Amino acid sequence: FRQNYGKYTETFVQGHLSGLPYRLIPFHGWPSPMTTSHTDSLIARDPFIRKAFYHWHALLKTDIKAKENQLIINRLVKEEVELILVEFGTMGARLSEVAQASGIPMVVIFYGYDAWHKKELDSQKEAYQLLFKEAAKIIGVSKEICTQLEDLGCSKTKIVYAPCYVNVG
């Protein structure tokens with residue numbers, strides 16, 4: 001799971017995907033990752049129908065996040081996903097309830113802003129606590145980020161230090 005698809009400043013994300021020897025289903029989108037691959041929407045391919053979906057649920061005052069979560073979970077179960085790998089702590093916080101409800105272990109990679117940016121930390125305070133509880137592992141790409149994650153409330157036993165992707169080829 002990632003926020004952006006093919007963002008030129010996030011080549012390390014594509015590096016992670018290309019280096020994994022598993023069948024992958026790349027989800028993306030923010031604030032909700034409702035698209036897989038490049039254009040396969042969990043709601044509908046047609047943008048008009050996607051907008052209608054959100055308008056309809058707004059009119060009904062539906063809990064749209066719960067609806068989105070269920071669509072994500074349905075896809076994960078259908079594809080027999082065994083692990084949720086999430087790029088960036090903010091996306092991990094968004095998906096904590098999905099991991100909890102699906103029972104699929106989740107690993108989240110923190111890169112920097114998601115561990116240090118004050119505005120982000122203030123807005124994610126409660127969500128990060130649920131993330132730290134639900135995630136199987138939390139990866140920090142620097143030792144400083146790992147220390148910060150512990151200071152934010154993540155159990156030291158869940159934190160893994162793994163430097164950012166480097167293409168050695």
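**Reading contacts, a bent helix and ring pairs**

Q: Which residues is R94 in contact with, leaving aside its neighbours within four places in sequence?
A: Contact means heavy atoms within 4.5 Å, and by that reading R94 is in contact with W30, P31, S32, P33, K65, E68 and N69, its neighbours within four places in sequence being left aside. The model is predicted, so local features need pLDDT of at least 70 and side-chain atom pairs count only at pLDDT 80 or more, while totals for chains, interfaces and linings use all residues. Residues are numbered from 1 along each chain as its sequence is written, and side-chain values use heavy atoms, with hydrogens and water left out.

Q: Is R94 buried or exposed?
A: Buried means under 20% relative accessible area, exposed over 50%, and partly exposed in between (1.4 Å probe, protein chains only). R94 has 9% relative accessibility and therefore counts as buried. R94 has its place in helix α4, where helices (H or I, at least four residues) and strands (E, at least two) are DSSP runs numbered from the N terminus.

Q: How is the length of helix α6 read, and where does α6 bend?
A: The expected span of a helix is 1.5 Å times one less than its number of residues. Helix α6 (residues 118-134) has 17 residues and reaches 23 Å from its first C-alpha to its last, close to the 24 Å expected. The helix bends by about 70° at K125, the bend being the angle between axes fitted to the seven residues ending there and the seven starting there.

Q: Which residues of α6 are buried, and what covers them?
A: The buried residues of α6 are E120, L121, Q124, Y128, L131 and F132, and what covers them includes α4 (89-102), β5 (106-110), α5 (113-116), β6 (137-140) and α7 (143-151). Q129, also placed in α6, is partly exposed because its relative accessible area is 37%. Not counting residues up to four places away in sequence, Q129 touches L152 and G153.

Q: How is an aromatic pair read, and how many does the structure hold?
A: Rings of Phe, Tyr and Trp (its six-membered ring) pair if their centres lie within 6.5 Å; planes under 30 degrees apart count as stacked, over 60 as edge-to-face and the rest as tilted. The structure holds 7 aromatic pairs. F1 and F27 form one that is stacked, at 4.3 Å centre to centre and 15° between the planes. F1 lies in the segment before α1 (11-19) and F27 in strand β1 (residues 27-28), so the pair ties together parts that are 26 residues apart in sequence.
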